[in-house]
2 protein chains.
Amino acid sequence: MPTVTVVENVLKLNDEVAALNRAMLRQAGVFAINLIGSPGCGKTSLLEATLKHFNGTRRVGVLVGDLTTTRDGDRLSRYCDDVVQINTGKGCHLDANQVRQGLQQIELADLDLLVIENVGNLICPVGFDLGQDVKVGMFSVSEGDDKAAKHPYLVHEASLVLLNKTDLVPHVPFDVELFRRDVWSLNPEIALMEVSVLRDAIGPWLEWTARRLDEVPVPGVIGA
Amino acid sequence: MPTVTVVENVLKLNDEVAALNRAMLRQAGVFAINLIGSPGCGKTSLLEATLKHFNGTRRVGVLVGDLTTTRDGDRLSRYCDDVVQINTGKGCHLDANQVRQGLQQIELADLDLLVIENVGNLICPVGFDLGQDVKVGMFSVSEGDDKAAKHPYLVHEASLVLLNKTDLVPHVPFDVELFRRDVWSLNPEIALMEVSVLRDAIGPWLEWTARRLDEVPVPGVIGA
């Protein structure tokens with residue numbers, strides 16, 4: 001079937017460019033997170049809080065994907081100089097080549113951490129390797145407790161699942177135990193953190209991220 | 001560019017099948033809605049309430065798209081016999097051919113209304129005509145007040161925008177006036193309805209839908 005061949009070729013080419021991105025990031029000693037979640041789950045708000053927290057102690061850059069606006073990039077630029085907005089037009093995910101172009105606009109040697117905020121979508125972003133070290137899946141309480149089970153590929157691929165908006169638990173139907181069971185039955189190894197960006201209750205995420213940065217090898221010696 | 005050609009051909013083929021679907025639906029006198037919104041915005045809950053409301057007065061069928069589970073189809077089957085679950089695997093939208101296969105499993109002559117609940121995604125579902133009469137875009141308060149502006153193609157293409165979860169306005173940062181302004185600046189003709197499925201406050205949606213059904217021509221005489 002020709003369609004399948006096209007899709008396979010697109011993904012193969014994407015993987016090749018992602019490998020180049022990964023090598024470039026490792027060479028510079030930058031830890032890279034691909035942050036994937038629904039529109040409105042709180043990705044940009046989480047990054048605002050993260051940039052504020054690490055200001056002065058860790059050097060953070062952000063590539064932020066969006067269809068047509070620069071709203072998220074504008075929000076993040078208030079906290080950080082190294083923000084690149086990638087507009088995908090009608091594209092529902094970032095690909096490795098878009099990230100490559102974004103990386104060329106950042107001085108990677110100056111960074112400890114790069115967060116790639118993917119386009120708001122729980123599906124296609126999962127399939128496109130961008131060269132990140134880890135994928136982080138982000139859900140929110142207001143989306144309903146069935147969303148991990150309904151998006152198994154993201155939960156399989158992620159190293160960490162964030163459940164945001166726990167402050168809304170009293171106001172919406174959401175069975176936290178059910179959500180946890182679904183996540184761990186799909187991926188028994190995964191870390192799951194329940195946070196509220198609105199209430200500034202994101203301590204576990206900040207600690208997890210800081211630990212990852214401490215583990216990054218010294219630039220230039222990977223594979224030595 | 002070969003990629004563009006492939007995409008154009010895919011969309012052209014999709015449009016041809018959508019035209020067949022549209023003709024089949026009109027022939028049967030069925031009004032068809034393509035319901036598009038984020039994961040967790042409340043599409044399935046809205047349809048549960050809609051099926052309950054129209055029970056005994058209007059005959060409603062549902063095609064429901066999802067990645068891998070039958071959860072939404074199972075929920076809706078409690079209220080209606082004519083529910084077909086379409087699993088898209090890793091596909092982020094329904095296409096006209098999937099809908100065509102779904103239509104073949106429903107006795108269209110028995111229906112007044114068909115709702116196609118698209119895969120939870122604000123982006124790709126907009127570009128694929130399924131043969132519907134109208135597209136309805138669904139947002140929710142907990143997603144943030146910038147989501148209409150960030151998804152202009154959906155607002156352009158929709159005949160109606162539903163803003164769900166208005167019961168959460170006291171608990172989240174959401175500027176209702178800003179959301180309204182964004183919607184109407186993108187599409188001055190569009191109907192905008194603010195609803196709360198959780199509070200069973202969906203009267204305007206039910207009235208709007210009932211009015212559309214009253215306008216559907218008698219089967220078989222379209223174009224006569």
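Tutor: The model is a predicted one. Chain A and chain B bury about 3000 Å² between them, and carbon and sulfur atoms give 65% of that area.

Student: Which three residues of chain A supply more of the buried area than any other three?

Tutor: They are A:Ile123, A:Lys150 and A:Tyr153, with 20% of the area that chain A buries against chain B. In terms of contact, 38 residues of chain A meet 38 residues of chain B.

Student: Why is the meeting of A:Asp72 and B:Lys150 called a salt bridge?

Tutor: The N to O distance between these side chains is 2.6 Å. The cut-off for a Lys nitrogen and an Asp carboxyl oxygen is 4 Å, so the pair qualifies. The count between chain A and chain B is six salt bridges. Helix 3 (71-77), helix 5 (147-150) and helix 6 (152-157) of chain A are the elements that each give two or more residues to the side touching chain B. By class, that side has 15 nonpolar, 11 polar and 12 charged residues.

Student: How do you know that strand 1 and strand 5 of chain A pair?

Tutor: Pairing requires at least two bridges, and five join strand 1 (residues 31-37) to strand 5 (residues 134-140); therefore they pair. The two strands run parallel, and A:Ile36 stands opposite A:Gly137.

Student: What makes strand 3 and strand 7 of chain A the edge strands?

Tutor: In chain A, seven strands form an open sheet in the order 3-2-4-1-5-6-7. Strand 3 (83-87) and strand 7 (191-194) each pair on one side only, and are accordingly its edges.

Methods: Residues numbered from 1 in each chain as written. Chains lettered and ligands numbered in written order. Predicted model: local features only at pLDDT ≥ 70, side-chain atom pairs only at ≥ 80, totals over all residues. Heavy atoms only, no water. Helix = DSSP H or I, 4+ residues; strand = E, 2+ residues; numbered from the N terminus. Contact = heavy atoms within 4.5 Å. Buried area = accessible area lost by both parts, 1.4 Å probe. Nonpolar A, V, L, I, M, F, W, Y, C, P; charged D, E, K, R; others polar.
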